[in-house]
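Look through the structure first, then read the points below.

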Amino acid sequence: MADLEQMKKGWKVLDENLQKSEIINHEQIKKIIMEKFETTIEKWQRRNILSLFTALVILIPFDINLFLKGFTLQAVLFLLVLIFLGVFSAMKIRQLHKWNIHETPPAKLMTQINTFRLKRKQFILYFMPFVLGFVIYVLSMNHVFDKYQWMGFATGLILGSVVVLIKQRKTYKDIQDNLKELVELQNEK
Amino acid sequence: MTSKETEKEFIGLIGQHSRLIYKICYMYASDGDELNDLYQEVVINLWRAHEAFRGEAKYSTWIYRIGLNTCVSYIRQKSRKPSLVPLTVDLESIAEEENNAEQLRELYRLINQLSKIEKAIVLLYLEEKTYDEIGEIVGITRGNVAVKLNRIKTKLKEMSNQ
């Protein structure tokens with residue numbers, strides 16, 4: 001295995017060089033972990049603020065429209081759900097803002113992050129079907145959307161899906177390539 | 001074990017195995033920035049998985065598994081901000097010393113001809129792991145390791161003849 005042996009020689013040289021230097025110190029390891037936490041929490045904060053803002057911009061005019069068209073009960077119910085979601089979202093933003101990233105030990109912060117993730121998943125699991133069901137009820141019972149609005153809604157949905165697909169394509173391709181190679185490897189005799 | 005103790009234990013283990021992590025990342029990185037990013041990704045993933053480590057395997061085996069998984073699934077995002085944490089040590093320069101630069105350049109040229117999975121197998125081969133150990137870490141049989149290493153040998157030979 002001439003080339004592999006040649007690589008082995010180079011590998012030994014690399015190993016010797018590495019033995020002479022300190023690659024990473026304790027403070028840097030800590031910093032890496034903390035920086036990751038900070039990025040994750042910032043990302044969540046941004047996402048929460050954006051969702052809240054988008055929901056308000058889209059749903060408040062919709063609710064006003066319902067009210068103006070005379071669907072008072074639906075408008076009030078919709079507003080109540082909206083208020084609940086808004087308060088919930090604001091509480092999450094506040095909670096994330098209160099986390100003291102620099103003074104909490106990584107292990108404790110990790111627990112907080114995992115709990116937050118779990119609660120978010122539980123919320124989506126239990127509450128979102130209810131919200132979606134309610135929105136569909138409001139839309140379908142009162143024919144609020146006319147033909148063109150439904151078309152706009154469908155176009156938006158398709159465009160959104162295309163953007164997500166394009167964004168994920170590279171990731172999928174890489175994973176697929178790796179999987180293909182692994183399957184070939186397993187099948188080799 | 002308290003949070004502080006867990007943290008201390010983890011930092012100690014990473015310190016002990018820092019060279020090993022470096023070598024895994026070296027195998028997959030295409031430049032110094034990527035090496036730095038990969039190194040940090042591996043440390044973060046090891047930290048995430050630390051609580052799941054039960055000591056059934058050696059910690060180094062655990063590092064190989066998580067490190068290789070991280071590197072194989074790592075996708076560089078061009079728009080990404082430069083390195084998460086600017087490490088004070090220039091990781092790229094550690095490997096480069098003038099008197100053996102030629103050997104390392106050749107090593108890197110050969111590494112770059114391998115696919116991600118091949119790199120994993122070659123890394124473990126270079127680390128003098130047995131075929132059984134390679135198979136256990138990568139998740140294939142001993143026989144497949146031998147076949148794959150032979151294929152890699154042929155591939156490298158063909159490449160050098162071109």
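Which residues are buried in H2(B)? They are Ser18(B), Ile21(B), Tyr22(B), Ile24(B), Cys25(B), Tyr26(B), Met27(B) and Tyr28(B). A residue is buried if 20 or more other C-beta atoms, placed from the backbone, lie within 10 Å of its own; 12 or fewer make it exposed, and anything in between partly exposed. H2(B) is mostly covered, with 8 of its 11 residues buried.

This is a predicted model: local features need pLDDT of at least 70, side-chain atom pairs count only at pLDDT 80 or more, and totals for chains, interfaces and linings use all residues. Residues are numbered from 1 along each chain as its sequence is written, while chains are lettered from A and ligands numbered from 1 in the order in which they are written.

**The two chains**

- Chain A has 5 helices and 0 strands. Helices (H or I, at least four residues) and strands (E, at least two) are DSSP runs, numbered from the N terminus.
- Chain B has 9 helices and 0 strands.
- Of the 189 residues in chain A, 12% are buried. Of the 162 residues in chain B, 36% are buried.
- Take contacts between residues at least 6 apart in sequence. In chain A, 70% of them join residues at least 24 apart. In chain B, the share is 64%. Two residues are in contact if their C-beta atoms, placed from the backbone, lie within 7 Å.

**H2(B) against H3(B)**

- Two packed helices are described by the angle between their axes and the distance between the axes.
- H2(B) covers residues 18-28 and H3(B) covers residues 32-50. Their axes come within 9 Å and cross at roughly 130°. Axes are lines fitted to C-alpha atoms, for helices over the stretch in contact, and angles run from 0 to 180 degrees between N-to-C directions.
- H2(B) and H3(B) are therefore oblique to each other. Angles under 35 degrees count as roughly parallel, over 145 as roughly antiparallel, 65 to 115 as roughly perpendicular and the rest as oblique.
- H2(B) brings Ile21(B), Tyr22(B), Ile24(B), Cys25(B), Tyr26(B) and Tyr28(B) to the contact. H3(B) brings Leu35(B), Leu38(B), Tyr39(B), Val42(B) and Val43(B).
- The residues of this contact are 11 nonpolar, no polar and no charged. Ala, Val, Leu, Ile, Met, Phe, Trp, Tyr, Cys and Pro count as nonpolar, Asp, Glu, Lys and Arg as charged, and the others, Gly among them, as polar.

**H2(A) against H3(B)**

- H2(A), residues 26-68, packs on H3(B) at an angle of about 80°, with the axes 10 Å apart. The two helices are therefore roughly perpendicular to each other.
- Ile29(A), Ile32(A), Ile33(A) and Lys36(A) meet Gln40(B), Val43(B), Ile44(B) and Trp47(B).

**The core**

- The largest nonpolar core has 50 residues. Such a core is a set of buried Ala, Val, Leu, Ile, Met, Phe, Trp, Tyr and Cys residues joined through C-beta atoms within 7 Å.
- Cys25(B), Val42(B), Val43(B) and Ile121(B) have the most contacts inside it.
- H7(B), residues 116-126, gives the most to this core, with 8 residues.
- Beyond neighbours within four places in sequence, Val42(B) touches residues including Ile21(B), Cys25(B) and Thr70(B).

**Val138(B)**

- Val138(B) lies in H8(B), residues 131-138. Val138(B) counts as buried because 22 C-beta neighbours lie inside 10 Å.
- Leaving aside neighbours within four places in sequence, Val138(B) is in contact with Ala120(B) and Ile121(B).
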